[in-house]
Amino acid sequence: MAVVQRQPGKRDILAGLNEEQIRAVTTVAGPVLIVAGPGSGKTRVLTHRVGYLIEAGYASPWHILAVTFTNKAAREMRTRLEALIGLDQAQRLTVGTFHATCARILRRDGGRIGIDPRFTIYDDADQLEAVRQALKALGLDPKQFSPRSILSRISAAKSQFQSPQQFAEQVQSYWDEVVSRVYPRYEEILRRNQALDFDDLLTETLRLFHEHPDVLARYQDWYRYVLVDEYQDTNRVQYLLVRAISGAHRNLCVVGDPDQSIYGWRQADIRNILDFKRDYPDATEIHLELNYRSTRSIVEAADAVIRANRLRIERRLRTENPRGEPIRLRECYDEGHEAQFVASEIRRLTLRGDLRYRDIAVMYRTNAQSRPLEEALIRADIPYQLIGGLRFYERKEIKDALALLRFIANPNDSVSLQRVLAYTPLGAGIGDRTWQELERWAALTRQPVARGIAALAGQSDVVPPQISGRPARLLAEVWGTLQQLWEASERLLLSELFDLALERSGLAQLYHDAGDPEQIERWENLLQLRSVLASYDSVGDGALRAFLEESALVTDADTLDDASDQVTLITLHAAKGLEFPVVFLTGVEEGLLPHARSLESEAQLEEERRLFYVGMTRAKQRLYITYTFRRARFGAADLSVRSRFVDDIPVHLIDRGDGPARPDTSPARPVDRRATPSDGASSPPLAVGMRVFHARFGDGVVAEVRPVQSDQEVVVDFKRHGRKTLLASLANLTVD
DNA sequence: TGGTTATTTGTTTTT
DNA sequence: CAAATAACCA
């Protein structure tokens with residue numbers, strides 16, 4: 001009977017899959033390693049595998065745990081499964097990132113190892129602040145010991161499951177010695193603030209499992225089928241977590257591609273995937289190598305590039321797709337010109353009609369490279385979305401408002417409290433010295449800073465910090481306001497609480513009542529935050545915590561909006577897992593890709609090469625690779641050298657663009673500039689009164705020409721668009 | 001205490 | 001060329 005019911009669903013689920021994919025979907029028992037090349041239908045296999053487990057009756061949805069790399073990937077998998085197996089079933093699945101999943105486990109069972117379920121999750125900025133505090137407490141100069149490097153060392157130690165004690169025992173250098181003193185302080189600060197950092201979410205969960213086998217057994221019994229995506233980017237702790245949870249049933253399926261391992265710097269250990277067969281000798285290994293995504297030119301080029309790596313499993317990327325367009329390689333004069341080339345090429349592609357903005361992505365190694373690109377796109381009136389960079393949740397006004405909310409949710413979180421006192425009008429009149437004293441008091445009494453303020457307000461019988469006069473009076477007032485907010489948080493909806501918090505803290509007055517455009521934009525950002533909060537109103541009691549949980553764990557890629565028609569600007573790292581018909585890889589230069597800081601070791605260099613490979617394989621139809629002749633670094637211009645990785649692409653796959661004339665793409669050569677400094681590289685000589693034509697603004701008359709540096713600024717009165725000021729070398733004006 | 005300016009310093013990638 | 005920090009004055 002049951003078998004009869006299963007059959008139709010089963011056929012549906014396997015429809016349209018190739019032989020290897022079907023094997024990957026239907027090999028459900030025991031350990032399975034799926035090595036999936038780019039574009040080989042990996043996501044499809046994963047979702048169908050989950051669907052198959054359910055439809056074929058192997059497991060109920062709640063017995064399945066799927067771990068993804070980003071929240072977006074998790075959401076996408078859930079959405080696809082809703083279509084495949086229905087909303088009800090899909091909702092019962094556990095799909096999430098390692099961090100989100102661990103946070104959930106710790107909120108539920110962390111009490112067993114002394115973790116308060118209200119714990120705050122510290123993001124990167126919070127962690128840095130904690131390191132700075134620790135340095136200060138130790139009397140160390142943050143100039144000499146950069147908090148950034150210390151934090152990354154601490155994080156590395158944590159990822160290897162090393163306690164401060166264990167770390168101290170194996171110190172090998174003076175630098176490590178310093179870190180070994182900061183590390184325990186840092187931990188103490190986090191604990192005092194009831195905070196966990198990203199690493200703690202993982203390591204504490206592992207500790208919970210170690211110390212309480214009954215808890216582990218419960219999760220093992222709960223999650224009988226475990227799937228891990230992007231396995232090549234897991235670290236040691238994640239490896240141990242996976243091994244623990246799947247330890248009893250051993251139904252573990254990991255999917256990944258060693259050639260796309262790009263998070264070594266975050267302690268991702270490529271050996272996890274390379275050694276999977278050693279860890280699970282009975283594992284079934286399945287290779288998905290046929291690429292469905294890209295044209296043959298792109299696949300062959302990418303394959304040639306990655307084959308130059310030594311640390312990899314030998315294999316060949318294949319496709320049955322047509323050859324398509326050659327890969328376009330362009331040298332540009334500088335980053336401004338590169339951006340201009342990208343913009344005009346986007347314009348050209350979209351004007352032809354078959355491509356939309358959303359089909360196009362522009363990728364780069366470092367966030368800093370996005371600036372000139374943005375400027376060129378704005379100038380060309382091309383809509384774009386920037387992924388990463390200054391994220392929404394990193395804007396000052398958002399962080400301030402968020403700090404207030406975080407403090408309301410967890411009064412022991414003194415990093416948030418500090419932010420509230422330092423940056424909101426609530427803390428006006430309370431300066432650095434007062435905060436120093438509060439902190440000193442907190443470290444001395446090993447209590448949260450908030451207790452000290454409570455003591456000052458006469459709300460506690462502990463010995464108060466040594467603060468008197470105006471600051472003491474102000475702090476007592478602040479305490480009163482905060483108490484109102486706590487009380488309000490119990491009866492108000494989240495959006496109402498937010499309104500009250502903005503009003504009482506003075507943030508509303510600060511941003512709303514001020515008139516200048518910058519403040520108005522900030523106020524609009526706050527309103528945007530409010531609308532996010534309002535969507536949690538229906539959650540009920542845990543709304544604030546639910547919101548904070550998600551906002552702490554959002555990824556850059558999570559903010560990607562694929563509904564609207566915009567060009568995507570994105571770092572190579574964040575682009576992993578995405579695909580676009582057209583991809584521009586920009587700044588493909590020595591020092592940038594490979595990055596200057598990755599040149600020391602062969603391993604780092606290979607990771608940079610994988611990064612380039614990831615970028616190339618995002619493209620479905622057209623791939624552009626651009627590099628410059630000179631690039632501004634530190635404000636000053638430096639000559640650039642084209643990346644060595646480009647040399648690995650077979651020349652017959654490349655179009656260098658020096659064939660038939662292409663008026664809008666010829667890069668200005670440096671020689672041109674030097675030869676005619678007052679004349680815009682290849683632009684026609686312009687004079688007042690000339691009738692000119694512009695691709696976007698149409699017909700116009702030159703009203704003014706003035707030299708600027710090595711170029712000319714032209715003021716043109718356009719018939720339909722009015723007066724515009726343009727740079728001669730970029731405007732591409734044609735003289736009628 | 002808090003706002004201003006001068007100087008100095010440094011840029012990878014992110015859950 | 002920024003942003004972040006230090007020094008300075010009100």
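Ala, Val, Leu, Ile, Met, Phe, Trp, Tyr, Cys and Pro count here as nonpolar, Asp, Glu, Lys and Arg as charged, and the others, Gly among them, as polar. The model is predicted: local features need pLDDT of at least 70, side-chain atom pairs count only at pLDDT 80 or more, and totals for chains, interfaces and linings use all residues. Residues are numbered from 1 along each chain as its sequence is written, chains are lettered from A and ligands numbered from 1 in the order in which they are written, and side-chain values use heavy atoms, with hydrogens and water left out.

**View 1. Protein residues around DNA strand C.** A residue is near a molecule or strand if one of its heavy atoms lies within 4 Å of it. Of the atoms of DNA strand C that come within 4 Å of the protein, 62% belong to sugar and phosphate. By class, this surface has two charged residues, one polar and one nonpolar.

**View 2. The edge-to-face pair of Phe 167 and Tyr 183.** Rings of Phe, Tyr and Trp (its six-membered ring) pair if their centres lie within 6.5 Å; planes under 30 degrees apart count as stacked, over 60 as edge-to-face and the rest as tilted. The rule gives 17 aromatic pairs. In this one, the ring centres are 6.1 Å apart and the planes stand at 80 degrees, so the pair is edge-to-face. Phe 167 belongs to helix α9 (residues 164–169) and Tyr 183 to helix α10 (residues 174–192), so the pair ties together parts 16 residues apart in sequence. Helices (H or I, at least four residues) and strands (E, at least two) are DSSP runs, numbered from the N terminus. Both Phe 167 and Tyr 183 are buried (under 20% relative accessible area; exposed is over 50%, partly exposed in between; 1.4 Å probe, protein chains only).

**View 3. The stacked pair of Phe 584 and Tyr 624.** The centres lie 4.3 Å apart, with 10 degrees between the planes. Phe 584 sits in strand β15 (residues 580–585) and Tyr 624 in strand β16 (residues 619–628), 40 residues apart. Phe 584 is buried at a relative accessible area of 0%. Tyr 624 is buried too, with 0%. Strands β15 and β16 pair in the parallel sense over five bridges (two strands pair if DSSP finds at least two bridges between them). Within this pairing, Phe 584 stands opposite Tyr 624.

**View 4. The open sheet that includes β15 and β16.** Seven strands run in the order β13-β14-β12-β15-β16-β11-β19, with parallel pairing. At the edges, β13 (384–386) and β19 (654–655) each pair on one side only.

**View 5. The six-stranded open sheet.** The order is β3-β2-β6-β7-β1-β8, and the pairing is parallel. Edge strands β3 (94–97) and β8 (284–288) each have a single partner strand, so one side of each is left without a neighbour in the sheet. Strands β2 (residues 64–68) and β6 (residues 225–228) pair over four bridges. Leu 65 has Val 226 in β6 as its bridge partner.

**View 6. A ring cluster and charges over rings.** Ring pairs join Phe 69, Tyr 263 and Trp 265 into a cluster. Lys 576 lies over the face of Phe 69, 3.8 Å from the ring centre. Arg 107 lies over the face of Phe 119, at 3.9 Å. A charge sits over a ring if NZ of Lys or CZ of Arg is within 6 Å of the ring centre and within 35 degrees of the ring normal.
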